[in-house]
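This report is written for a reader who has not seen the structure before. Please look over the sequence and the model shown here, then read on.

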Amino acid sequence: MSYDFAIAAVVTLAGALLAISQANILHAVFGLAISLVGVAGIFFTLNSPFVAIMEVLIYVGGIAVTMIFAVMLSSVTNPQEKENVGRRLMAAVAAGTFFVGGALVLHHAEFADGKELLNSEHSLQAVGVNLLNRYNLAFETLSVVLLLAIVGAIVIVRKEPAMPADAEEEAA
Amino acid sequence: MGYFGKVLSGFGSLLTGMRITFSQFAKTFFGRKNVTLQYPKEQPKLAPAFRSAIKLIRFEETGTHDCVACKACERICPSYCIKLSGGKVEGIKKKRVAEFEMDFSLCSLCGLCIDACPTDTLEYSKVYEEAGYNRDWRVDLVAEFREYEAEFVEKQRVIEEKAATAKKAKAEAAKKAKEAKKAKEAEKAKEAEAEAADTAEKPDTAEKPPALEAKPAKADAPAKAEVPTAEVPTAEAPKS
Amino acid sequence: MPETLSQLLDDSVLAMPIAAGLIMGALTINVLMLVWAERKVSAWIQRRMGPTEVGPFGLLQTLADMLKLISKQLITPSNVDKPLFHLAPLLAFAPVIAAVALMPFSKSLILVQNDFGLLFVFAFGGIAVIAIFMAGWGSNNKYALLGAIRSVAQSISYEIPLILSALSVVLVVNAMGFTLASGGSIVVANGLDLSHIVMAQDQHGLWFVLVQPIAAIIYFISALAETNRAPFDIPEAESELVAGFHTEYSGMRFSMFFFAEYTNMLIVSMLAVVLFFGGWDGPVLPGPLWFFLKSYMVIFVMMWVRWTFPRLRFDQLMTFCWKVMIPLSILNLLATAFVVAVL
């Protein structure tokens, strides 16, 4: 474990903490963005710069920005009302279950040898070829889901008057 | 013109705009021609007809102005911005202005005073960077001419004296000529009278009158040339 | 002799700070010169003289301005969102420096060699977008917020045609390939590597502006919008929004945004040179000189455009992006892919 991994991990955790602890939603979103940059750093230390860049390009530059847009336009940035304890508990249980389940899956999954992957040439090309051959169905399904999301966003916005530009932002 | 035609023509108009701005850029960058005047370092070239506060003309011949304090300007001024005083000066016949007060804050630059001036000694100055701390803009236009006034008076006195003597001489000459004529006539009469009696010194007296008349004519010429000094320079006066 | 500067610096512990200091120094000088150039170009286009008083040809005018900005008070308005307000200038400033480090100034002068340099540059642009948001929101000012929203909407919209036009060049590079001068062996070109893009152009003696003219035009227009420059300077439309997202910033914080803006100009034009104008490729003069010469030519055109055209309206801007630029760039990409696949 090198010191750059440590830095990336600390940034990730700090961002995640910010994201869940801040009362101000916008601060939380910025925390999430920081966390995502940290994740990109982790990918970097794992010698997969392409995934790292995609993390920044899509999650930070695209999704986080879209979230900020949504928060800004919804004008609910600082909710003062207290949520009830039951709902919080349920949320905690759900999140915990998801975390434990994910951890279990990861623990039992069989990964290929990391060193072999690192040394292979043109791993990006392999990703592309696999994506459009072996995992074509999953890839196309995801595309359809995204397309549905875009169309749905447009439909929802179209019911209200004006603001076509925002729908286009969602699409972006 | 379809959609793409419009796109093309729009692109063309963009290029036209860029060509225009570049030509201006090139004119300043390569041609070194810009419209900026670096004001305190460069002075603007004023138009010949530029109008600013009036001033008195300094004639080269006399070294000073030719204001005779006639008050024509003061009378004609529609905004009452001129106040002048002056008059007879000791030693010379010509009247001179003593104070020429001009209030530039009232002046509308109409130029009537310039037209009215009988000696043509007023003109527009080219002063354009006037600024001050209050509204008092009364300026004595004669102020800058004061030091030359004594000199001018002296010169003028000489000129007038000369003119006077010339006039005297002329008058005397005329008188003499008259007397000579009278004498001649008298002589003629005498001669006619005495013709019958005898013939005396006739050619000697006949030659004298023209010689006497030639002298005053010569003395008259320089005097005449100096009297209209005020009129000669006005033709080329607006030079500063 | 190490092949790249990064290899030379790899051995030293001080490599990072030294490189960062060098880049920042160079960028500061660049920004000073660019602001001066902008003022001069605008003056010359309008038949004026521009700054002439401080230093020869007014060259030191911007230095004086910078000193003034540094010495000014940093005003933090009341009711601002303090952490965001303070963080935003730094966040706008940092990615810009990082992006410059990726540029291949010549075959051997590359500060950071990376296989995905092109994507890195775009990714850093994404971080800058967040910074603009932080500034706009944190200022607690309606003009700043509106300016930020416009700026971000514009940035992420025009990022799409920008990336798509760059991708069509990537396709061409991948298809062409090239031989490395040293070994003479054919290397499968990686179109996402900035130096590979230049090398492909260098070896085929063909600038990609000739191969991809439509992509070049789309790239240039998108770059203008991406850097928020006229005629797409709607986020800073002073007649409507005072100064956009940096309305509330003063002194050095303001100048950091300014710095980021002008360095962004440099990055975008450097990328244009890499993608379309053959990078360091050129006769007689050394590579880095050609690279900067071309970059500054592109910047000159950007200034020229700025002082020629009036500002667009916001809806015109978005319509233009989504209805013209994006379809056109997708069509161009598809056509390129088709040609590459067939050949």
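How many residues of chain B are in contact with chain C, and how many of chain C with chain B? In this predicted model, twelve residues of chain B meet nine residues of chain C.

## Chain B against chain C

The side of chain B that touches chain C is made up of five nonpolar, six polar and one charged residues.

## Chain A against chain C

Between chain A and chain C, 18 residues of chain A are in contact with 23 residues of chain C. Three elements of chain A each give two or more residues to this side: α2 (25-45), α3 (49-74) and α8 (164-171). Of these, α3(A) gives the most, with eleven residues.

By class, the side of chain A that touches chain C holds 15 nonpolar residues, one polar residue and two charged residues.

## Nonpolar cores

The largest nonpolar core has 132 residues. Within this core, C:Ile130, C:Tyr219 and C:Ala272 touch the most other members. Leaving aside residues up to four places away in sequence, C:Ile130 touches A:Ala33, A:Val60, A:Ala64 and A:Val65 of chain A, as well as C:Leu91 of chain C.

Another core lies apart from the largest one and has 19 residues. Its members include B:Ile54, B:Ile57, B:Cys77 and B:Ile82.

## The first helix of chain B

Helix α1 of chain B covers residues 3-29, which is 27 residues. From its first C-alpha to its last it reaches 38 Å, close to the 39 Å expected at 1.5 Å a residue.

Which residues of α1(B) are buried? They are B:Thr21, B:Phe25 and B:Thr28.

## The two domains of chain B

Chain B is divided into domain 1, residues 54-141, and domain 2, residues 149-232. Eleven residues from domain 1 of chain B and ten residues from domain 2 of chain B take part in the contact between them. On the side of domain 1 of chain B that touches domain 2 of chain B there are two nonpolar, five polar and four charged residues.

## A hairpin in chain B

Strand β2 (residues 82-88) and strand β3 (residues 95-103) of chain B pair in the antiparallel sense over seven bridges. B:Ile82, one of the members of the 19-residue core, stands opposite B:Met102 in β3(B).

β2(B) and β3(B) form a hairpin, with six residues between the two strands. In the turn, B:Gly91 has a positive phi of about 100°.

How values were computed: Residues are numbered from 1 along each chain as its sequence is written. Chains are lettered from A and ligands numbered from 1 in the order in which they are written. This is a predicted model: local features need pLDDT of at least 70, side-chain atom pairs count only at pLDDT 80 or more; totals for chains, interfaces and linings use all residues. Two residues are in contact if their C-beta atoms, placed from the backbone, lie within 7 Å. Helices (H or I, at least four residues) and strands (E, at least two) are DSSP runs, numbered from the N terminus. Ala, Val, Leu, Ile, Met, Phe, Trp, Tyr, Cys and Pro count as nonpolar, Asp, Glu, Lys and Arg as charged, and the others, Gly among them, as polar. The expected span of a helix is 1.5 Å times one less than its number of residues. A residue is buried if 20 or more other C-beta atoms lie within 10 Å of its own, exposed if 12 or fewer, and partly exposed in between; C-beta atoms are placed from the backbone. A nonpolar core is a set of buried Ala, Val, Leu, Ile, Met, Phe, Trp, Tyr and Cys residues joined through C-beta atoms within 7 Å. Domain bounds come from an automatic or database domain assignment. Two strands pair if DSSP finds at least two bridges between them.
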